[in-house]
Amino acid sequence: MAATALKPSFVLPAHPNELDRKRIERALKSRKRYRYVEPTVLPANEGYHVQSPCCSRNIDKDGGVIDVALLRHDPANAMWKLFWRDHAQGSWELHSVHKRLTAAVDELNADPERIFWQ
């Protein structure tokens, strides 16, 4: 009797995963704004959630941890969606769409309009 390979009954999503989470953490060290704070990258639904202490005190007057960005993978289109936090409205807003995770993180690091690192 020949052995038969079993197919899993479910497929785990590609993201979040620990390898890419660590890559994002390392990449954030080269950001342009607020380089003296250490952001945290947390797993999120189909992606990663970036938080950081609020050193500018623009969002949190006490300097607490605030939401910076949300990186979500769209497996159907093989794209990355980069969201910024609208703190006034309390909602995530789509900023840009990228083919590669590195391109999305590069955009987050550059932040020329100060949308993410407020």
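Helices and strands are here DSSP runs, helices (H or I) having at least four residues and strands (E) at least two, and they are numbered from the N terminus.

**View 1. Overall layout of the predicted model.** The model shown is predicted, and its protein chain holds 2 helices and 5 strands. Read from the N terminus on, these elements follow one another in the order α-β-β-β-β-β-α. Of the 118 residues in the protein chain, 35% count as buried, and the chain exposes about 7,700 Å², of which carbon and sulfur atoms supply 52%. When contacts in the chain between residues at least 6 apart in sequence are considered, 38% of them join residues at least 24 apart.

**View 2. The loop between β1 and β2, with E46.** E46 lies in the loop that links β1 (40-44) with β2 (47-53). Although E46 is not a glycine, its phi is positive, at about 60°. With a relative accessible area of 33%, E46 is partly exposed, because this value falls between the 20% below which a residue is buried and the 50% above which a residue is exposed.

**View 3. The β3–β4 hairpin.** Strand β3 (residues 65-74) and strand β4 (residues 79-86) run antiparallel and are joined by 6 bridges. Within this pairing, A69 stands opposite W84 in β4. The two strands form a hairpin with 4 residues between them, and A78, which belongs to the turn, has a positive phi of about 50°.

**View 4. The β4–β5 hairpin.** Strand β4 also pairs with strand β5 (residues 91-98), the two running antiparallel with 7 bridges between them. Here F83 is the residue that stands opposite L94 in β5. As a hairpin, β4 and β5 have 4 residues between them, and G90 in the turn has a positive phi of about 70°.

**View 5. The segment after α2, with R114.** R114 is found in the segment that follows α2 (101-110). Its phi is near 55°, which is a positive value in a residue other than glycine. The relative accessible area of R114 is 40%, and the residue is therefore partly exposed, since this value, too, lies between the cut-offs of 20% for buried and 50% for exposed.

Terms used. Residues numbered from 1 in each chain as written. Predicted model: local features only at pLDDT ≥ 70, side-chain atom pairs only at ≥ 80, totals over all residues. Heavy atoms only, no water. Buried < 20%, exposed > 50% of the residue type's maximum accessible area, 1.4 Å probe, protein only. Pairing = 2+ DSSP bridges. Contact = heavy atoms within 4.5 Å. Areas by Shrake-Rupley, 256 points an atom, 1.4 Å probe, with all protein chains shown as cover.
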